[in-house]
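Trainee: I would like to learn how to read sheets and helix packing in a model. Please take me through the one shown here.

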Amino acid sequence: MQQATDQNWWKEGIVYQIYPRSFQDTTGNGVGDLQGVIRRLDYIKSLGVDIIWLNPVYVSPNDDNGYDIADYRNIMPEFGTMTDFEELLTGMKQRGLKLVMDLVVNHTSDEHAWFEASRASRDNPYRDYYHWWPAEKGTPPKRWSYFDVDGNAWKYDETTDAYYLHYFSVKQPDLNWENPKVRKEIHDIMKFWFDKGVDGFRMDVISFISKDTDFPELPQKYGGDFVSFYSDGPKLHDYLHELHTEVLGKYDVMTVGEAPGIGLDKALDFVDAERKELNMFFHFDLMALDREENEVFLMRKDSWKLPEFKKIHSEWDQVFARKGWGSIYLNNHDFPRSVSRWGNDSVVNWYNSATMLQTFLLTMRGTPYFYYGEEIGMTNIKFDSIADYQDINTVNRYKIVQNEGGDLAAFIENEKAASRDNARTPMQWDESTNAGFSLERPWLQVNENYKEGINVADQEEDHNSVLNYFRKMIAIRKAHPVLIHGSYRLLQENHEHIYAYTRTLDEHLFLILLSFSNNRSSITLNELDFEEAKLVISNDVEAEKHQGKSFELAPYQACVYRLL
Ligand code: NOJ
(Lines give C-alpha, C1' and ligand atoms only; values in the text may rest on other atoms or scores of the structure.)
Protein backbone atom coordinates (compact mmCIF):
# COMPACT_ATOMS: atom_id res chain seq x y z
CA MET A 1 0.00 0.00 0.00
CA GLN A 2 1.19 3.50 -0.82
CA GLN A 3 2.27 5.53 2.24
CA ALA A 4 2.39 9.28 2.62
CA THR A 5 6.12 8.96 3.39
CA ASP A 6 6.89 7.12 0.11
CA GLN A 7 9.44 8.97 -1.95
CA ASN A 8 8.64 10.39 -5.32
CA TRP A 9 10.19 13.15 -7.48
CA TRP A 10 7.02 15.21 -7.48
CA LYS A 11 6.74 14.99 -3.70
CA GLU A 12 10.31 16.06 -3.13
CA GLY A 13 10.42 18.57 -5.95
CA ILE A 14 9.80 22.30 -5.68
CA VAL A 15 7.70 23.89 -8.39
CA TYR A 16 8.38 27.25 -10.02
CA GLN A 17 5.45 28.60 -12.01
CA ILE A 18 6.12 30.81 -15.03
CA TYR A 19 3.53 33.04 -16.66
CA PRO A 20 5.34 33.20 -20.01
CA ARG A 21 3.68 36.43 -21.16
CA SER A 22 5.34 38.24 -18.26
CA PHE A 23 8.67 36.50 -17.81
CA GLN A 24 11.16 37.69 -20.44
CA ASP A 25 10.65 39.27 -23.84
CA THR A 26 13.37 38.55 -26.41
CA THR A 27 11.67 39.79 -29.58
CA GLY A 28 10.85 43.33 -28.51
CA ASN A 29 7.08 43.12 -28.77
CA GLY A 30 6.45 43.70 -25.07
CA VAL A 31 5.31 40.10 -24.55
CA GLY A 32 7.41 37.39 -22.92
CA ASP A 33 8.29 34.34 -24.99
CA LEU A 34 9.84 30.88 -24.91
CA GLN A 35 13.29 32.13 -25.87
CA GLY A 36 12.99 34.33 -22.81
CA VAL A 37 12.46 31.31 -20.59
CA ILE A 38 15.41 29.59 -22.29
CA ARG A 39 17.59 32.63 -21.62
CA ARG A 40 16.76 32.43 -17.93
CA LEU A 41 17.16 28.68 -17.40
CA ASP A 42 20.48 28.98 -15.57
CA TYR A 43 18.88 31.47 -13.21
CA ILE A 44 15.93 29.16 -12.57
CA LYS A 45 18.27 26.25 -11.94
CA SER A 46 20.29 28.39 -9.53
CA LEU A 47 17.22 28.82 -7.33
CA GLY A 48 17.22 25.13 -6.44
CA VAL A 49 13.74 24.45 -7.82
CA ASP A 50 13.11 21.22 -9.73
CA ILE A 51 9.95 21.57 -11.78
CA ILE A 52 8.69 24.37 -14.01
CA TRP A 53 4.96 24.76 -14.49
CA LEU A 54 4.37 26.81 -17.62
CA ASN A 55 1.02 28.54 -18.03
CA PRO A 56 -0.59 27.82 -21.46
CA VAL A 57 1.64 28.38 -24.48
CA TYR A 58 -0.67 26.94 -27.15
CA VAL A 59 -2.25 28.81 -30.06
CA SER A 60 -4.90 31.09 -28.62
CA PRO A 61 -6.72 34.32 -29.49
CA ASN A 62 -5.95 35.34 -25.89
CA ASP A 63 -9.37 36.26 -24.69
CA ASP A 64 -8.19 34.85 -21.36
CA ASN A 65 -4.41 34.91 -21.93
CA GLY A 66 -4.03 31.42 -23.33
CA TYR A 67 -6.75 29.70 -21.30
CA ASP A 68 -8.80 29.74 -24.51
CA ILE A 69 -6.99 27.30 -26.76
CA ALA A 70 -7.52 27.21 -30.52
CA ASP A 71 -4.93 24.53 -31.30
CA TYR A 72 -3.60 22.14 -28.66
CA ARG A 73 -0.66 20.93 -30.72
CA ASN A 74 0.99 24.20 -31.71
CA ILE A 75 2.70 27.08 -29.96
CA MET A 76 1.24 30.58 -29.81
CA PRO A 77 3.21 32.61 -32.40
CA GLU A 78 3.71 35.46 -29.91
CA PHE A 79 5.60 32.99 -27.73
CA GLY A 80 7.62 31.30 -30.49
CA THR A 81 7.54 28.04 -32.40
CA MET A 82 7.58 24.31 -31.73
CA THR A 83 11.33 24.43 -32.37
CA ASP A 84 11.66 26.94 -29.52
CA PHE A 85 9.56 24.68 -27.34
CA GLU A 86 11.78 21.70 -28.09
CA GLU A 87 14.87 23.78 -27.38
CA LEU A 88 13.38 24.75 -24.05
CA LEU A 89 12.66 21.15 -23.15
CA THR A 90 16.15 20.05 -24.12
CA GLY A 91 17.69 22.89 -22.11
CA MET A 92 15.61 21.90 -19.11
CA LYS A 93 16.52 18.24 -19.36
CA GLN A 94 20.21 19.15 -19.57
CA ARG A 95 19.81 20.98 -16.28
CA GLY A 96 17.75 18.26 -14.61
CA LEU A 97 14.58 20.37 -14.60
CA LYS A 98 11.13 18.85 -15.24
CA LEU A 99 8.41 20.55 -17.27
CA VAL A 100 4.73 20.61 -16.35
CA MET A 101 2.36 22.07 -18.94
CA ASP A 102 -1.10 23.51 -18.44
CA LEU A 103 -3.92 21.30 -19.71
CA VAL A 104 -7.06 23.32 -20.38
CA VAL A 105 -9.77 20.88 -21.37
CA ASN A 106 -12.90 21.98 -19.56
CA HIS A 107 -13.29 24.34 -22.50
CA THR A 108 -11.60 25.41 -25.73
CA SER A 109 -11.54 28.71 -27.59
CA ASP A 110 -14.55 29.45 -29.77
CA GLU A 111 -11.91 29.74 -32.49
CA HIS A 112 -10.93 26.08 -32.14
CA ALA A 113 -11.80 24.12 -35.32
CA TRP A 114 -14.03 21.79 -33.24
CA PHE A 115 -16.19 24.67 -32.10
CA GLU A 116 -16.28 26.32 -35.50
CA ALA A 117 -17.64 23.06 -36.92
CA SER A 118 -19.91 22.48 -33.93
CA ARG A 119 -21.69 25.81 -34.22
CA ALA A 120 -22.10 25.58 -38.04
CA SER A 121 -25.11 23.23 -38.07
CA ARG A 122 -27.10 21.01 -35.76
CA ASP A 123 -26.17 17.82 -37.55
CA ASN A 124 -22.43 18.14 -38.06
CA PRO A 125 -20.12 15.51 -36.51
CA TYR A 126 -18.69 18.01 -33.99
CA ARG A 127 -22.07 19.19 -32.66
CA ASP A 128 -21.78 16.99 -29.58
CA TYR A 129 -18.26 18.15 -28.76
CA TYR A 130 -19.92 21.00 -26.83
CA HIS A 131 -23.07 21.54 -24.77
CA TRP A 132 -25.98 22.95 -26.79
CA TRP A 133 -29.47 23.83 -25.61
CA PRO A 134 -31.95 24.17 -28.54
CA ALA A 135 -33.97 27.37 -28.29
CA GLU A 136 -37.28 25.56 -28.86
CA LYS A 137 -36.86 24.10 -25.33
CA GLY A 138 -37.10 27.64 -23.96
CA THR A 139 -34.51 29.51 -21.93
CA PRO A 140 -31.97 27.15 -20.38
CA PRO A 141 -31.79 26.83 -16.57
CA LYS A 142 -29.55 29.46 -15.01
CA ARG A 143 -25.85 28.76 -15.01
CA TRP A 144 -23.45 31.38 -13.73
CA SER A 145 -20.36 32.37 -15.74
CA TYR A 146 -17.08 33.69 -14.39
CA PHE A 147 -16.20 36.24 -17.07
CA ASP A 148 -19.49 37.01 -18.74
CA VAL A 149 -20.71 40.59 -18.76
CA ASP A 150 -24.22 39.35 -18.00
CA GLY A 151 -23.01 36.67 -15.61
CA ASN A 152 -24.77 34.15 -17.86
CA ALA A 153 -23.04 30.91 -18.90
CA TRP A 154 -25.46 30.28 -21.79
CA LYS A 155 -24.85 32.21 -24.99
CA TYR A 156 -27.48 32.29 -27.70
CA ASP A 157 -26.06 31.52 -31.14
CA GLU A 158 -28.24 32.49 -34.10
CA THR A 159 -26.70 30.15 -36.68
CA THR A 160 -28.41 27.12 -35.19
CA ASP A 161 -30.95 28.83 -32.94
CA ALA A 162 -29.43 27.31 -29.80
CA TYR A 163 -27.48 28.27 -26.67
CA TYR A 164 -24.00 26.97 -25.87
CA LEU A 165 -22.52 26.62 -22.40
CA HIS A 166 -19.49 28.62 -21.26
CA TYR A 167 -18.57 28.60 -17.59
CA PHE A 168 -15.90 31.19 -18.41
CA SER A 169 -15.99 33.83 -21.17
CA VAL A 170 -18.26 33.66 -24.24
CA LYS A 171 -15.11 32.76 -26.13
CA GLN A 172 -14.51 29.69 -23.92
CA PRO A 173 -17.22 27.14 -24.75
CA ASP A 174 -17.28 24.09 -22.46
CA LEU A 175 -16.38 20.72 -23.93
CA ASN A 176 -18.83 17.87 -23.63
CA TRP A 177 -16.96 15.12 -21.80
CA GLU A 178 -19.96 12.81 -22.13
CA ASN A 179 -18.90 12.33 -25.72
CA PRO A 180 -16.29 9.52 -25.91
CA LYS A 181 -14.79 11.16 -29.00
CA VAL A 182 -13.99 14.27 -26.96
CA ARG A 183 -12.32 12.18 -24.28
CA LYS A 184 -10.30 10.30 -26.90
CA GLU A 185 -9.15 13.63 -28.41
CA ILE A 186 -7.99 14.75 -24.98
CA HIS A 187 -6.15 11.49 -24.33
CA ASP A 188 -4.37 11.92 -27.66
CA ILE A 189 -3.39 15.51 -26.86
CA MET A 190 -1.88 14.39 -23.56
CA LYS A 191 0.04 11.58 -25.27
CA PHE A 192 1.30 14.01 -27.90
CA TRP A 193 2.98 16.14 -25.22
CA PHE A 194 4.17 13.23 -23.10
CA ASP A 195 5.78 11.69 -26.17
CA LYS A 196 7.64 14.96 -26.65
CA GLY A 197 9.07 14.52 -23.18
CA VAL A 198 6.85 16.71 -21.02
CA ASP A 199 6.74 15.58 -17.36
CA GLY A 200 3.20 16.35 -16.34
CA PHE A 201 0.15 18.53 -16.42
CA ARG A 202 -1.49 21.11 -14.23
CA MET A 203 -5.13 20.54 -15.10
CA ASP A 204 -7.22 23.66 -15.38
CA VAL A 205 -10.56 23.59 -13.48
CA ILE A 206 -10.51 19.82 -13.76
CA SER A 207 -13.23 19.53 -11.12
CA PHE A 208 -15.71 21.15 -13.57
CA ILE A 209 -15.46 18.73 -16.50
CA SER A 210 -18.47 16.54 -15.71
CA LYS A 211 -21.92 18.08 -16.11
CA ASP A 212 -25.39 16.76 -15.62
CA THR A 213 -26.39 17.15 -19.27
CA ASP A 214 -30.09 17.34 -18.40
CA PHE A 215 -29.15 20.72 -16.98
CA PRO A 216 -31.60 20.69 -14.08
CA GLU A 217 -32.28 23.85 -12.09
CA LEU A 218 -29.50 24.28 -9.53
CA PRO A 219 -30.38 21.82 -6.72
CA GLN A 220 -31.55 23.63 -3.59
CA LYS A 221 -28.76 22.30 -1.38
CA TYR A 222 -26.25 24.43 -3.32
CA GLY A 223 -28.09 27.72 -2.77
CA GLY A 224 -26.13 30.19 -4.89
CA ASP A 225 -22.92 28.23 -4.60
CA PHE A 226 -22.31 27.47 -8.26
CA VAL A 227 -18.70 26.54 -7.71
CA SER A 228 -19.53 23.56 -5.48
CA PHE A 229 -22.21 22.50 -7.92
CA TYR A 230 -19.86 22.75 -10.90
CA SER A 231 -17.20 20.73 -9.13
CA ASP A 232 -19.46 17.86 -8.21
CA GLY A 233 -20.38 16.43 -11.59
CA PRO A 234 -21.76 12.88 -11.75
CA LYS A 235 -19.00 11.29 -13.85
CA LEU A 236 -15.99 13.30 -12.74
CA HIS A 237 -14.16 10.37 -11.18
CA ASP A 238 -14.95 8.03 -14.05
CA TYR A 239 -13.29 10.49 -16.40
CA LEU A 240 -10.25 10.98 -14.19
CA HIS A 241 -9.82 7.26 -13.71
CA GLU A 242 -10.12 6.78 -17.45
CA LEU A 243 -7.39 9.41 -18.01
CA HIS A 244 -5.20 7.37 -15.72
CA THR A 245 -5.94 4.06 -17.41
CA GLU A 246 -5.62 5.37 -20.95
CA VAL A 247 -2.71 7.78 -20.51
CA LEU A 248 -1.26 8.73 -17.14
CA GLY A 249 -0.52 5.23 -15.89
CA LYS A 250 1.71 4.65 -18.90
CA TYR A 251 4.18 7.44 -18.12
CA ASP A 252 6.25 8.62 -15.14
CA VAL A 253 4.54 11.99 -14.94
CA MET A 254 2.93 14.22 -12.36
CA THR A 255 -0.56 15.65 -12.34
CA VAL A 256 -1.94 18.47 -10.28
CA GLY A 257 -5.57 19.30 -10.76
CA GLU A 258 -6.99 22.74 -10.16
CA ALA A 259 -10.00 21.91 -8.04
CA PRO A 260 -12.24 24.81 -7.07
CA GLY A 261 -15.17 23.62 -5.00
CA ILE A 262 -13.44 20.52 -3.65
CA GLY A 263 -13.36 20.43 0.14
CA LEU A 264 -11.62 18.25 2.69
CA ASP A 265 -14.24 15.53 2.57
CA LYS A 266 -13.72 14.81 -1.13
CA ALA A 267 -9.96 15.29 -1.34
CA LEU A 268 -8.86 11.69 -1.20
CA ASP A 269 -11.23 10.73 -3.99
CA PHE A 270 -8.81 12.54 -6.28
CA VAL A 271 -5.39 11.69 -4.89
CA ASP A 272 -5.55 8.41 -3.01
CA ALA A 273 -2.97 6.54 -5.13
CA GLU A 274 -5.05 3.38 -5.06
CA ARG A 275 -7.88 5.08 -6.92
CA LYS A 276 -5.53 5.84 -9.82
CA GLU A 277 -6.64 9.36 -10.63
CA LEU A 278 -4.38 12.36 -9.88
CA ASN A 279 -1.24 12.94 -7.79
CA MET A 280 -2.15 16.29 -6.26
CA PHE A 281 -4.64 19.08 -6.50
CA PHE A 282 -4.99 22.72 -5.56
CA HIS A 283 -7.74 23.45 -3.08
CA PHE A 284 -9.15 26.96 -2.75
CA ASP A 285 -9.78 27.21 0.98
CA LEU A 286 -6.90 29.60 1.57
CA MET A 287 -7.75 31.62 -1.52
CA ALA A 288 -11.25 32.15 -0.08
CA LEU A 289 -10.02 33.24 3.34
CA ASP A 290 -9.91 36.98 2.67
CA ARG A 291 -12.98 36.98 0.41
CA GLU A 292 -16.70 37.29 1.04
CA GLU A 293 -18.55 33.98 1.21
CA ASN A 294 -19.19 32.52 -2.26
CA GLU A 295 -17.65 35.67 -3.76
CA VAL A 296 -14.25 34.66 -4.93
CA PHE A 297 -13.38 38.12 -6.29
CA LEU A 298 -14.73 40.28 -3.47
CA MET A 299 -12.46 41.15 -0.53
CA ARG A 300 -14.08 40.51 2.84
CA LYS A 301 -14.79 43.53 5.00
CA ASP A 302 -12.97 42.53 8.15
CA SER A 303 -9.44 41.18 7.93
CA TRP A 304 -8.57 37.49 7.99
CA LYS A 305 -7.25 36.05 11.25
CA LEU A 306 -4.16 33.94 11.75
CA PRO A 307 -5.99 31.12 13.61
CA GLU A 308 -8.17 30.73 10.48
CA PHE A 309 -5.07 30.50 8.30
CA LYS A 310 -3.60 27.85 10.61
CA LYS A 311 -6.84 25.89 10.70
CA ILE A 312 -6.98 25.62 6.91
CA HIS A 313 -3.44 24.33 6.63
CA SER A 314 -3.72 22.01 9.60
CA GLU A 315 -6.93 20.41 8.37
CA TRP A 316 -5.55 19.90 4.88
CA ASP A 317 -2.37 18.41 6.28
CA GLN A 318 -4.44 15.92 8.26
CA VAL A 319 -6.29 14.75 5.15
CA PHE A 320 -3.05 13.66 3.53
CA ALA A 321 -1.37 12.40 6.68
CA ARG A 322 -1.64 8.77 5.67
CA LYS A 323 -2.61 8.73 2.00
CA GLY A 324 -2.40 11.00 -0.98
CA TRP A 325 -0.23 14.10 -1.09
CA GLY A 326 -0.88 17.83 -0.79
CA SER A 327 0.19 20.85 -2.76
CA ILE A 328 0.80 24.15 -1.09
CA TYR A 329 0.82 27.64 -2.58
CA LEU A 330 0.23 31.24 -1.54
CA ASN A 331 -0.24 32.89 -4.93
CA ASN A 332 -0.41 32.19 -8.65
CA HIS A 333 -1.53 33.93 -11.85
CA ASP A 334 -5.12 34.15 -10.56
CA PHE A 335 -4.41 35.62 -7.14
CA PRO A 336 -2.51 38.63 -5.86
CA ARG A 337 1.10 38.56 -4.76
CA SER A 338 1.69 36.63 -1.54
CA VAL A 339 3.75 39.28 0.25
CA SER A 340 1.02 41.89 -0.29
CA ARG A 341 -1.76 39.52 0.64
CA TRP A 342 -0.51 37.32 3.48
CA GLY A 343 2.35 39.51 4.68
CA ASN A 344 2.91 43.24 4.60
CA ASP A 345 4.55 44.97 1.65
CA SER A 346 5.38 48.26 3.43
CA VAL A 347 9.04 49.22 3.26
CA VAL A 348 9.72 48.20 6.85
CA ASN A 349 7.97 44.86 6.78
CA TRP A 350 8.48 43.72 3.19
CA TYR A 351 11.76 41.82 3.67
CA ASN A 352 10.68 39.85 6.70
CA SER A 353 7.24 39.18 5.23
CA ALA A 354 8.55 37.83 1.93
CA THR A 355 11.12 35.57 3.57
CA MET A 356 8.76 34.45 6.35
CA LEU A 357 6.24 33.29 3.73
CA GLN A 358 8.96 31.44 1.84
CA THR A 359 9.92 29.76 5.11
CA PHE A 360 6.32 28.72 5.58
CA LEU A 361 5.98 27.07 2.15
CA LEU A 362 9.33 25.32 2.51
CA THR A 363 8.66 23.86 5.93
CA MET A 364 5.21 22.44 5.31
CA ARG A 365 4.32 18.94 4.16
CA GLY A 366 3.22 18.79 0.52
CA THR A 367 4.79 19.99 -2.70
CA PRO A 368 5.48 23.75 -2.56
CA TYR A 369 4.55 25.87 -5.57
CA PHE A 370 6.26 29.22 -6.06
CA TYR A 371 5.18 31.78 -8.59
CA TYR A 372 7.75 33.73 -10.62
CA GLY A 373 8.87 36.84 -8.75
CA GLU A 374 7.94 35.38 -5.37
CA GLU A 375 11.62 34.58 -4.90
CA ILE A 376 12.45 38.32 -4.97
CA GLY A 377 9.35 39.46 -3.09
CA MET A 378 7.41 41.05 -5.97
CA THR A 379 4.35 42.98 -4.75
CA ASN A 380 0.86 43.94 -5.95
CA ILE A 381 0.82 46.81 -8.43
CA LYS A 382 -2.53 48.17 -7.18
CA PHE A 383 -3.56 50.03 -10.37
CA ASP A 384 -6.00 52.79 -9.65
CA SER A 385 -7.47 53.26 -13.12
CA ILE A 386 -9.50 50.72 -15.10
CA ALA A 387 -7.48 51.77 -18.17
CA ASP A 388 -4.42 50.04 -16.71
CA TYR A 389 -6.10 46.66 -16.27
CA GLN A 390 -5.83 43.98 -18.96
CA ASP A 391 -7.46 41.02 -17.26
CA ILE A 392 -10.83 39.99 -18.72
CA ASN A 393 -12.04 39.25 -15.22
CA THR A 394 -11.46 42.79 -13.92
CA VAL A 395 -12.46 44.47 -17.18
CA ASN A 396 -15.78 42.59 -17.50
CA ARG A 397 -16.70 42.87 -13.86
CA TYR A 398 -16.10 46.61 -14.14
CA LYS A 399 -18.63 46.65 -17.00
CA ILE A 400 -21.13 44.79 -14.84
CA VAL A 401 -20.80 47.34 -12.04
CA GLN A 402 -21.06 50.14 -14.60
CA ASN A 403 -24.19 48.64 -16.21
CA GLU A 404 -25.79 48.25 -12.81
CA GLY A 405 -24.91 51.84 -11.87
CA GLY A 406 -22.79 50.50 -9.00
CA ASP A 407 -19.92 52.08 -7.08
CA LEU A 408 -16.99 52.09 -9.51
CA ALA A 409 -14.56 53.66 -7.03
CA ALA A 410 -15.28 50.88 -4.56
CA PHE A 411 -14.79 48.36 -7.34
CA ILE A 412 -11.33 49.73 -8.15
CA GLU A 413 -10.40 49.70 -4.45
CA ASN A 414 -11.36 46.05 -4.37
CA GLU A 415 -9.29 45.26 -7.47
CA LYS A 416 -6.19 46.86 -5.94
CA ALA A 417 -6.20 43.93 -3.57
CA ALA A 418 -7.97 41.28 -5.63
CA SER A 419 -7.24 41.66 -9.35
CA ARG A 420 -5.35 38.93 -11.12
CA ASP A 421 -3.27 41.63 -12.86
CA ASN A 422 -1.48 42.22 -9.55
CA ALA A 423 0.21 38.90 -10.12
CA ARG A 424 0.87 39.32 -13.82
CA THR A 425 3.17 42.34 -14.00
CA PRO A 426 6.49 41.67 -15.75
CA MET A 427 9.33 39.92 -13.98
CA GLN A 428 11.76 42.37 -12.43
CA TRP A 429 15.23 41.38 -13.61
CA ASP A 430 17.33 44.49 -13.11
CA GLU A 431 17.29 48.28 -12.94
CA SER A 432 17.37 48.84 -16.71
CA THR A 433 14.38 49.97 -18.81
CA ASN A 434 11.20 48.07 -17.99
CA ALA A 435 13.07 46.10 -15.33
CA GLY A 436 14.98 44.21 -18.03
CA PHE A 437 11.80 42.48 -19.13
CA SER A 438 11.50 44.16 -22.54
CA LEU A 439 12.97 47.06 -24.45
CA GLU A 440 9.52 47.94 -25.72
CA ARG A 441 6.37 48.89 -23.85
CA PRO A 442 5.30 45.79 -21.89
CA TRP A 443 1.80 44.37 -22.43
CA LEU A 444 1.12 45.12 -18.75
CA GLN A 445 2.86 47.87 -16.77
CA VAL A 446 5.98 47.06 -14.83
CA ASN A 447 5.86 47.71 -11.10
CA GLU A 448 8.06 50.77 -10.49
CA ASN A 449 9.50 49.26 -7.35
CA TYR A 450 12.00 47.41 -9.53
CA LYS A 451 14.06 50.57 -9.01
CA GLU A 452 13.97 50.07 -5.26
CA GLY A 453 15.73 46.77 -4.92
CA ILE A 454 12.93 44.45 -6.00
CA ASN A 455 14.87 43.01 -8.91
CA VAL A 456 17.06 39.97 -9.46
CA ALA A 457 20.35 41.75 -10.28
CA ASP A 458 20.40 43.83 -7.08
CA GLN A 459 19.42 40.87 -4.97
CA GLU A 460 22.10 38.64 -6.51
CA GLU A 461 24.68 41.08 -5.08
CA ASP A 462 23.30 41.01 -1.57
CA HIS A 463 24.05 37.92 0.47
CA ASN A 464 21.04 38.58 2.69
CA SER A 465 18.51 39.41 -0.03
CA VAL A 466 15.07 37.83 -0.29
CA LEU A 467 16.42 35.93 -3.30
CA ASN A 468 19.40 34.49 -1.45
CA TYR A 469 17.28 33.64 1.57
CA PHE A 470 15.04 31.67 -0.80
CA ARG A 471 18.04 29.70 -2.07
CA LYS A 472 19.23 29.00 1.49
CA MET A 473 15.79 27.91 2.60
CA ILE A 474 15.45 25.54 -0.37
CA ALA A 475 18.82 24.00 0.46
CA ILE A 476 17.62 23.49 4.04
CA ARG A 477 14.44 21.72 2.92
CA LYS A 478 16.45 19.47 0.65
CA ALA A 479 19.00 18.65 3.33
CA HIS A 480 16.33 17.63 5.83
CA PRO A 481 13.78 15.07 4.62
CA VAL A 482 11.86 15.71 7.85
CA LEU A 483 10.74 19.01 6.29
CA ILE A 484 9.29 17.16 3.31
CA HIS A 485 7.93 13.93 4.73
CA GLY A 486 7.75 14.53 8.46
CA SER A 487 4.45 14.64 10.30
CA TYR A 488 3.10 18.07 11.22
CA ARG A 489 1.79 19.23 14.58
CA LEU A 490 0.23 22.60 15.20
CA LEU A 491 1.07 24.31 18.52
CA GLN A 492 -1.07 26.95 20.18
CA GLU A 493 -3.71 27.08 17.50
CA ASN A 494 -5.34 30.20 18.90
CA HIS A 495 -2.22 32.35 19.10
CA GLU A 496 -3.17 35.37 17.05
CA HIS A 497 0.27 36.47 15.93
CA ILE A 498 2.56 33.47 15.77
CA TYR A 499 2.16 30.30 13.74
CA ALA A 500 4.12 27.57 15.53
CA TYR A 501 4.39 23.95 14.42
CA THR A 502 6.70 20.99 14.56
CA ARG A 503 7.74 18.50 11.92
CA THR A 504 8.83 15.03 13.00
CA LEU A 505 10.37 12.11 11.17
CA ASP A 506 12.09 9.18 12.90
CA GLU A 507 14.44 10.79 15.46
CA HIS A 508 14.29 14.25 13.87
CA LEU A 509 12.25 17.09 15.30
CA PHE A 510 12.03 20.63 13.89
CA LEU A 511 10.18 23.62 15.28
CA ILE A 512 9.00 26.43 13.03
CA LEU A 513 7.97 29.82 14.40
CA LEU A 514 6.44 32.40 12.08
CA SER A 515 5.27 35.83 13.09
CA PHE A 516 2.36 37.21 11.07
CA SER A 517 2.28 40.43 13.05
CA ASN A 518 3.34 44.06 12.52
CA ASN A 519 4.41 44.17 16.16
CA ARG A 520 6.80 42.24 18.32
CA SER A 521 5.16 39.16 19.73
CA SER A 522 6.01 36.34 22.06
CA ILE A 523 5.17 32.73 22.68
CA THR A 524 6.02 30.22 25.42
CA LEU A 525 6.25 26.60 24.42
CA ASN A 526 6.23 24.54 27.60
CA GLU A 527 5.40 21.39 25.69
CA LEU A 528 8.82 21.18 24.02
CA ASP A 529 12.32 20.40 25.20
CA PHE A 530 14.92 22.92 24.07
CA GLU A 531 18.04 21.37 25.61
CA GLU A 532 19.53 20.43 22.28
CA ALA A 533 17.90 23.23 20.27
CA LYS A 534 19.86 24.76 17.39
CA LEU A 535 18.70 27.60 15.24
CA VAL A 536 18.86 26.43 11.61
CA ILE A 537 17.80 29.70 9.98
CA SER A 538 16.07 32.97 10.71
CA ASN A 539 15.22 35.90 8.47
CA ASP A 540 15.88 38.48 11.17
CA VAL A 541 19.19 39.79 12.45
CA GLU A 542 17.92 39.57 15.97
CA ALA A 543 17.66 35.88 15.36
CA GLU A 544 18.06 34.21 18.69
CA LYS A 545 15.83 35.84 21.21
CA HIS A 546 14.75 33.03 23.40
CA GLN A 547 15.01 32.49 27.06
CA GLY A 548 14.28 28.97 28.07
CA LYS A 549 10.94 28.18 26.51
CA SER A 550 9.91 31.74 25.78
CA PHE A 551 10.48 33.35 22.42
CA GLU A 552 10.16 36.90 21.31
CA LEU A 553 9.77 37.49 17.59
CA ALA A 554 10.26 40.66 15.56
CA PRO A 555 7.48 41.58 13.11
CA TYR A 556 7.19 38.83 10.46
CA GLN A 557 10.18 37.02 11.84
CA ALA A 558 10.64 33.36 10.91
CA CYS A 559 12.79 30.88 12.88
CA VAL A 560 13.48 27.26 12.12
CA TYR A 561 14.92 25.27 15.04
CA ARG A 562 16.22 21.79 15.08
CA LEU A 563 15.27 20.31 18.44
CA LEU A 564 16.47 16.76 17.82
C1 NOJ B 1 -8.35 28.75 -14.12
C2 NOJ B 1 -7.13 29.46 -14.62
O3 NOJ B 1 -6.13 29.39 -13.66
C4 NOJ B 1 -7.55 30.86 -14.96
O5 NOJ B 1 -6.46 31.70 -15.23
C6 NOJ B 1 -8.50 30.80 -16.12
O7 NOJ B 1 -9.01 32.08 -16.37
C8 NOJ B 1 -9.67 29.85 -15.84
N9 NOJ B 1 -9.26 28.64 -15.20
C10 NOJ B 1 -10.35 29.48 -17.13
O11 NOJ B 1 -9.53 28.63 -17.88
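This is a predicted model: local features need pLDDT of at least 70, side-chain atom pairs count only at pLDDT 80 or more; totals for chains, interfaces and linings use all residues.

Trainee: What is the order of strands in the open sheet of eight strands?

Mentor: Strands of a sheet pair through backbone hydrogen bonds, either parallel or antiparallel. Strands (E, at least two residues) and helices (H or I, at least four) are DSSP runs numbered from the N terminus, and two strands pair if DSSP finds at least two bridges between them. Here the order is E11-E10-E9-E5-E2-E1-E15-E14, with parallel pairing. Strand E11 (280–282) and strand E14 (327–329) are the edge strands, each pairing on one side only. From one strand to the next the twist averages 25°. Angles run from 0 to 180 degrees between N-to-C directions, and axes are lines fitted to C-alpha atoms, for helices over the stretch in contact.

Trainee: Which residues are bridge partners along this sheet?

Mentor: Take the pairs in turn. Strand E1 (residues 15–18) is parallel to E2, with four bridges, and Val-15 is opposite Ile-51 of E2. Four bridges also pair E2 with strand E5 (residues 98–103) in the parallel sense. Ile-52 has Leu-99 of E5 as its bridge partner, and Leu-54 has Met-101. E5 in turn pairs in parallel with strand E9 (residues 200–203) over four bridges, where Asp-102 is partnered by Arg-202 of E9. E9 and strand E10 (residues 254–258) run parallel, joined by four bridges, and Met-203 is partnered by Gly-257 in E10.

Trainee: Are the side chains of strand E2 buried or exposed?

Mentor: Buried means under 20% relative accessible area, exposed over 50%, and partly exposed in between, using a 1.4 Å probe and protein chains only. In strand E2 (residues 51–54), Ile-51 and Trp-53 point one way, Ile-52 and Leu-54 point the other way, and all are buried. E5 is largely enclosed by the rest of the structure, because five of its six residues are buried.

Trainee: Where does helix H6 lie on this sheet?

Mentor: Contact means heavy atoms within 4.5 Å. H6 lies across E5 and E9 and runs at about 140° to E9.

Trainee: At what angle do the axes of H6 and H8 cross?

Mentor: Two packed helices are described by the angle between their axes and the distance between the axes. For helix H6 (residues 180–196) and helix H8 (residues 236–246), the axes come within 11 Å and cross at roughly 45°. H6 is therefore oblique to H8; angles under 35 degrees count as roughly parallel, over 145 as roughly antiparallel, 65 to 115 as roughly perpendicular and the rest as oblique. In the contact, Arg-183, His-187, Met-190 and Lys-191 of H6 meet Tyr-239, Glu-242, Leu-243 and Glu-246 of H8. These contact residues divide into three nonpolar, one polar and four charged. Here Ala, Val, Leu, Ile, Met, Phe, Trp, Tyr, Cys and Pro count as nonpolar, Asp, Glu, Lys and Arg as charged, and the others, Gly among them, as polar.

Trainee: Which residues of H4 meet H6?

Mentor: Met-82, Phe-85, Glu-86 and Leu-89 of H4 meet Phe-192, Trp-193 and Lys-196 of H6. The contact of H4 with H6 has five nonpolar residues, no polar and two charged. The axes of helix H4 (residues 82–94) and H6 come within 11 Å and cross at roughly 55°, so the two helices are oblique to each other.

How values were computed
Residues are numbered from 1 along each chain as its sequence is written. Side-chain values use heavy atoms; hydrogens and water are left out.
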